[in-house]
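Below is a briefing on a model of protein chains with DNA. Please look at the sequence and structure first, then read the points by topic.

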4 protein chains.
Amino acid sequence: MGHADAMGTAPAEGAGAPAVPRGGGLDAITAAAREIFAERGYHGTSIRDIAKRAGLSLSALYYWHPSKQHLLAALVEEITHDYFQRCDRALHEAGEDPADRLRALVRVTVEYRVGRRIESNIATLEWRNLEPENRDRLAGLRRSATQLWADLIADGVRRGEFHCPHPDDARRAIVAACNAIAQWYEPGGDISLPELAERYTQIALRIVDHRE
Amino acid sequence: MGHADAMGTAPAEGAGAPAVPRGGGLDAITAAAREIFAERGYHGTSIRDIAKRAGLSLSALYYWHPSKQHLLAALVEEITHDYFQRCDRALHEAGEDPADRLRALVRVTVEYRVGRRIESNIATLEWRNLEPENRDRLAGLRRSATQLWADLIADGVRRGEFHCPHPDDARRAIVAACNAIAQWYEPGGDISLPELAERYTQIALRIVDHRE
Amino acid sequence: MGHADAMGTAPAEGAGAPAVPRGGGLDAITAAAREIFAERGYHGTSIRDIAKRAGLSLSALYYWHPSKQHLLAALVEEITHDYFQRCDRALHEAGEDPADRLRALVRVTVEYRVGRRIESNIATLEWRNLEPENRDRLAGLRRSATQLWADLIADGVRRGEFHCPHPDDARRAIVAACNAIAQWYEPGGDISLPELAERYTQIALRIVDHRE
Amino acid sequence: MGHADAMGTAPAEGAGAPAVPRGGGLDAITAAAREIFAERGYHGTSIRDIAKRAGLSLSALYYWHPSKQHLLAALVEEITHDYFQRCDRALHEAGEDPADRLRALVRVTVEYRVGRRIESNIATLEWRNLEPENRDRLAGLRRSATQLWADLIADGVRRGEFHCPHPDDARRAIVAACNAIAQWYEPGGDISLPELAERYTQIALRIVDHRE
DNA sequence: GATGAATGAGAGTTCATTCAT
DNA sequence: GATGAATGAACTCTCATTCAT
C-alpha cells in the first residue's frame, strides 16, 4: 500500500502551469487517471491514455501502481474515505437535533457531489469494476456512510420530528437525489452551491416529512 | 440500418420471465448481450462472451448485428422506447388530475425499474458508451420522457396542487429516487411491487409538496 | 485438448515447397514452435517469432493454442508420447532375452535422439518450463519410460546375464549417454545411424557388465 | 572488463555451505543470480528478481555488472574455470597410470556435480544463452576440459589398458553420465559422495573396457 | 557503494472484425 | 442462417537499462 496514502489532496497547480500538474509522477498519474476514468469508465480507459495525459511514459505508471486495478482502487479508496470523513465531521459539528443533522448531511453531500463531481461519479460508477478483494475492503466504509443516514433518520422518527413511514426508502430516496447531482450538474451553472444545498435540504426534509 | 428494425421483435417478456432465450439466434444474442452488458458493462464485455452465452458462434453474431456498438444501440433503443411507451400509455389512462398523473408515472417507473431491472441499468449506465450518432438519435426520446415529468409537475404547480418552489429539482429528485431502485432492489425480496410503488408514490407526492 | 492430437506426424513437405509447411495453420505453428523453442528455449522465444516463422499472424496462433505454455505442453506431450510408444513397440518386438531387450531399447533411443533430435532437446531442456499442472500430467509417462529400462536391467541381473552392482546407476548412465547424443550429433555427419546405435549398444552392454 | 575480474573473489564455499550471502553487495548478487538462474533459466529470470533476492536495489546490481548478460558470463566463467582447475590439479596428483587418471577425473567430476550442483547445471544449461563473444571466450576452456578426457583415454588405449573401439563415444558416454548426476541428485540423499564417486568410477572403467 | 524514478522496447494476450464457405 | 479460420490493432504488463543524486 503505502502509495495510496500519498494521494488525497489534489496538487495545488498554479495558474499558467502546464496542463499536467508537476511535482512528481504520482500526483500526475492520479490526476490523469481521475479525469480519464471519469470520462470513459474503467474498461474504456487504456493505461496508455492515462500515461499520456499524465505526461509520463507508460512504464512510469507501473512504478507507482502495480496494476490498473490498483490505480482504480486507490482512487476509489481516497474518494470514499474523504467523503465519509466529511460526513462524520459535519455531523459532529451539527447539534443533536435530527433536522439539523439531516441538513448537515445533505449539505455536505451536495457540496461533495458538486465540488468533487468527477470523483463522485468515479466512486459511484466504477464501484462494480473493483475486484472483489478491493470491493470488500471498502465495503465497510460504504456501509458506515449509509448507517450515518439511517441512524439520523431513525432518531428523527423516534423523536417524532420525522414522520416517514418507511425510513429505509426515505433514506434511499434522499441519497439517490443528492448523488444524482453529480450527473446533471454543470460546473459554472447559474445556480450557486449554497442555494443548491438549501434546495436539496428542503427536499430531504419533505421526504422524511419533517414537522417542527 | 435494416438491422435496427429487428429490435422491435424483441420478446415482450413479462416480469419474472426467464432471461434465457427460446427462439432463434437473434433472441439468444439479445438476451445474452443484455445479461453480460449489465454484469460487466459495455467495455468490460467482449463480443466473444456474448456469443458464448448465446450458444452461438462469433460470426453468427455478425449476421444479426454489424458491430458491437450496434448491438448496444439496439438494446438501449428498445429499452428507451419501451419505457417511454409505457409512460405515455399510463398517462393516457390516468385522468387530468396532476396527483393522479404523478402517481401513474411513478408507478410505471417503479414497475419498470423492478420488472426490467437489468435493462434499466443498461439504459442508465451504458448511455455514455453510445457513439454520438446513436446517442443523438435516442436523445430526443429521453428528453420526451423528461418532459412528461416536467409538464406534469408544472401543471400541478399551476393548479395549486403542488407547492414545490423548484420544480426542476423536484423532478430530478423523484426520477433519481425511482431510478435508483434498479440498483438496490433484489428480486425475490420481501416487499411486493405494488407496495413499493405505493411507497415511492408517497415520497414523490411529498417531494412536490402535494396538498389536496 | 483436442488440438494436441492433431499434431504428431510432421507434415510431409515436398521438395521445393515453401519454407513453411502448408496445409493449415496448426501444422505450421507446431513446426515453427518446434524449431524456435529448440533454438532459443522457451523463455527466449517470443510468440511473435513463432507466428512469423509459421507465416501466420500473431492472433492466428491463439486460435489454435490458448497460450504459449499450452503450445509448449502440446509439443512436449507429443514428443513424450511418441518416444514412449516407440520404446514400448520395440520391446514387444524384442524377445525375452535381457540383452536383446537392452539392445532394442538403446537402438530406439539412439534413433530417436538422432531422428528427432530437435524434439528430443525440447523434451529434455524445456521440461522445467512446463507449469506444474502440465508437468504433473506428463510425469507419469516419463516414469513409465524410466521403468522400462529399470525392469529390463533388473531382469538381466536376476537372470545372471548382467552383473552391474548398482542397477539404478547403470540405468542412469546408459540413458544419459544416449540422451546426450541429441546435443552433440550433427546431422549429415560421417557416422551412420545404425553404426551409432551399434556403438551405444556395446557401451550399454558394458555398463551393465553383460557376459554371455 | 574490469568487473570480470571481481568474480575471482567469489566465495569458495565448501560443500553444504549455505547459499546465502554474508559479504558485501557483489557476493549477494552472485549468490542470488546463481540460485535464480538455476531455478528458472537465464531468460526466465528477471534482473529484478535477482536484486530482490540479493536484498539490494535494482541499480546496485548495475554498479557491479554492466548487464544481465555480463552477470551470466561471469557466473559461467567462474564455474568453468573452477571445474577445469580442479581437473587439472587432480590429474597432476594422479600418477601416470591411465586407470588411475580416469579414476581421478571421474571422482573430481562427480564431486563437482554434487558439491556444486547448482553451478554445474547453470554451466550446462545456460551455455547457449551466452552471447557469441562470451561463448567464444570460454569455448577454449571447455575444449581443454574435453581434451583432458580424450588424451587420457587415448593413452589408455595406446597402452593396452583400455579396449574401447570408439574412444570418442566412450568419452562422451562417461562425461554425459557424470554430468547427469547434477540433474537427479538430491542433496541429503542416502548415498555418500565417496560411494557415488566409486560407482561412477567403475562404470567409467567398464565403458572404456578396462582390463588390468 | 547505492538508490529512486523514469524510459522504450517488447512480452503474452485479447479485442472487434472479416471472409470464404 | 451460420461457421471456422484468420487478421491487425490494441491491450495490460514486464523487461533490461539509464541517470541524477
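The largest nonpolar core of this predicted model has 110 residues, a nonpolar core being a set of buried Ala, Val, Leu, Ile, Met, Phe, Trp, Tyr and Cys residues joined through C-beta atoms within 7 Å. A residue is buried if 20 or more other C-beta atoms lie within 10 Å of its own, exposed if 12 or fewer, and partly exposed in between, with C-beta atoms placed from the backbone. Residues are numbered from 1 along each chain as its sequence is written, while chains are lettered from A and ligands numbered from 1 in the order in which they are written. Because the model is predicted, local features need pLDDT of at least 70 and side-chain atom pairs count only at pLDDT 80 or more, whereas totals for chains, interfaces and linings use all residues.

**Nonpolar cores**

- The residues with the most contacts inside the largest core are A:A177, A:I207, B:I29, B:A177 and B:I207.
- Leaving aside residues up to four places away in sequence, A:I207 touches A:C164, A:A170, A:A173 and A:I174 as well as B:I203, B:R206 and B:I207; contact means that C-beta atoms, placed from the backbone, lie within 7 Å.
- A second, separate core has 109 residues, among them C:A176, C:I181, D:A38 and D:I122.

**Residue D:I174**

- D:I174 sits in helix α9 of chain D; helices (H or I, at least four residues) and strands (E, at least two) are DSSP runs numbered from the N terminus.
- D:I174 counts as buried because it has 29 C-beta neighbours inside 10 Å.
- Not counting residues up to four places away in sequence, D:I174 touches D:A204 and D:I207.
- D:G115 is 59 residues from D:I174 along the chain, and their C-alpha atoms are separated by 19 Å.

**Chain A with chain B**

- The contact joins 19 residues of chain B to 19 residues of chain A.
- On the chain B side, α9 (167–184) and α10 (193–207) each supply at least two residues, and α9(B) has the largest share with eight residues.
- That side divides into nine nonpolar, five polar and five charged residues; Ala, Val, Leu, Ile, Met, Phe, Trp, Tyr, Cys and Pro count as nonpolar, Asp, Glu, Lys and Arg as charged, and the others, Gly among them, as polar.

**Chain C with chain D**

- Here 19 residues of chain D are in contact with 19 residues of chain C.
- The side of chain D that touches chain C receives eight residues from α9(D), which gives the most.

**DNA strands**

- The surface near DNA strand E has 14 nonpolar, 16 polar and four charged residues.
- Around DNA strand F there are 34 residues, with B:G25, B:S59, B:A60, C:G25 and C:S59 nearest.

**Confidence**

- Chain A has a mean pLDDT of 88, and 89% of its residues reach 70 or more; pLDDT is the predictor's confidence in each residue, from 0 to 100.
- Residues 1–23 of chain A have pLDDT below 50.
- Where pLDDT is low, the predicted coordinates should not be read in detail.

How values were computed
Near = placed C-beta within 6 Å. Contact = placed C-beta atoms within 7 Å.
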